[in-house]
Amino acid sequence: MLSELFIAAYIGCSGFVAAGILGSFYQLVTGEPPKFALQLETWLKGMSSLLMCIFAGPFIIMRNAIRGRRIEQRPIGWLVASSTIAGMWSICSGLVVMQFALGFAQQF
């Protein structure tokens, strides 16, 4: 049972790292931090912003939660709840990232 917990933690960490890399790359390219907003001008922008929200979601949640705690003095429960949501989301997106990585590794 402990090994399954370590696997879940590893998958969650890989999901959060992928979210951080994607969010930082988005900020590097556009010059603005990622946010939960869909750009529906074209079909391509809509799909790319949807994928951005899906995979960079934990990074966006944690950035907003830490910023809200520091600047707006939100209660610690807000930070704990945001961390829990971001952690569960990281496990879900980490499963997708790990499946992609394992599938890609089997090709070569």
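## Helix α1 and its packing

Two residues are in contact when heavy atoms of one lie within 4.5 Å of heavy atoms of the other. In this predicted model, the buried residues of helix α1 pack against α2, α3 (57–71) and α4. Those buried residues of α1 are Ile11, Gly12, Ser14, Gly15, Ala19, Gly20 and Gly23.

Helix α1 covers residues 2–30, which makes 29 residues. After α1 comes Gly31, which has a positive phi, near 85°.

## The largest pocket

The largest pocket has a volume of about 160 Å³. Its lining is made up of Tyr26, Glu32, Pro34, Lys35, Ala37, Gln39, Lys45, Ser48, Ser49, Met52 and Cys53. By type, these lining residues divide into five nonpolar, three polar and three charged.

Which helix gives the most to this lining? Helix α2 (residues 43–55) does, with five residues. Helix α2 is also one of the elements against which the buried residues of α1 pack.

## Aromatic pairs

A pair of aromatic rings is described by two values, the distance of the centres and the angle of the planes. The structure holds three aromatic pairs. One of them joins Phe100 and Phe104: the ring centres are 6.2 Å apart and the planes stand at 20°. Planes under 30 degrees apart count as stacked, so the pair of Phe100 and Phe104 is stacked.

Both Phe100 and Phe104 belong to helix α4 (residues 76–107). They are four residues apart in it, about one turn of the helix. Phe104 also pairs with Phe108, with ring centres 5.1 Å apart and planes at 65°. For planes over 60 degrees apart the term is edge-to-face, so the pair of Phe104 and Phe108 is edge-to-face.

Phe100, Phe104 and Phe108 form one aromatic cluster.

Technical notes. Residues are numbered from 1 along each chain as its sequence is written. This is a predicted model: local features need pLDDT of at least 70, side-chain atom pairs count only at pLDDT 80 or more; totals for chains, interfaces and linings use all residues. Side-chain values use heavy atoms; hydrogens and water are left out. Rings of Phe, Tyr and Trp (its six-membered ring) pair if their centres lie within 6.5 Å; planes under 30 degrees apart count as stacked, over 60 as edge-to-face and the rest as tilted. Helices (H or I, at least four residues) and strands (E, at least two) are DSSP runs, numbered from the N terminus. On a 1 Å grid over the protein atoms alone, a cavity is a set of points where a 1.4 Å probe fits but cannot get out, and a pocket is an open set with protein on both sides within 12 Å along at least five of seven lines; lining residues have an atom within 4 Å of a point. Grid points are joined across faces, edges and corners, and a volume is the space filled by probe spheres set on the points. Ala, Val, Leu, Ile, Met, Phe, Trp, Tyr, Cys and Pro count as nonpolar, Asp, Glu, Lys and Arg as charged, and the others, Gly among them, as polar. The expected span of a helix is 1.5 Å times one less than its number of residues. Buried means under 20% relative accessible area, exposed over 50%, partly exposed in between (1.4 Å probe, protein chains only).
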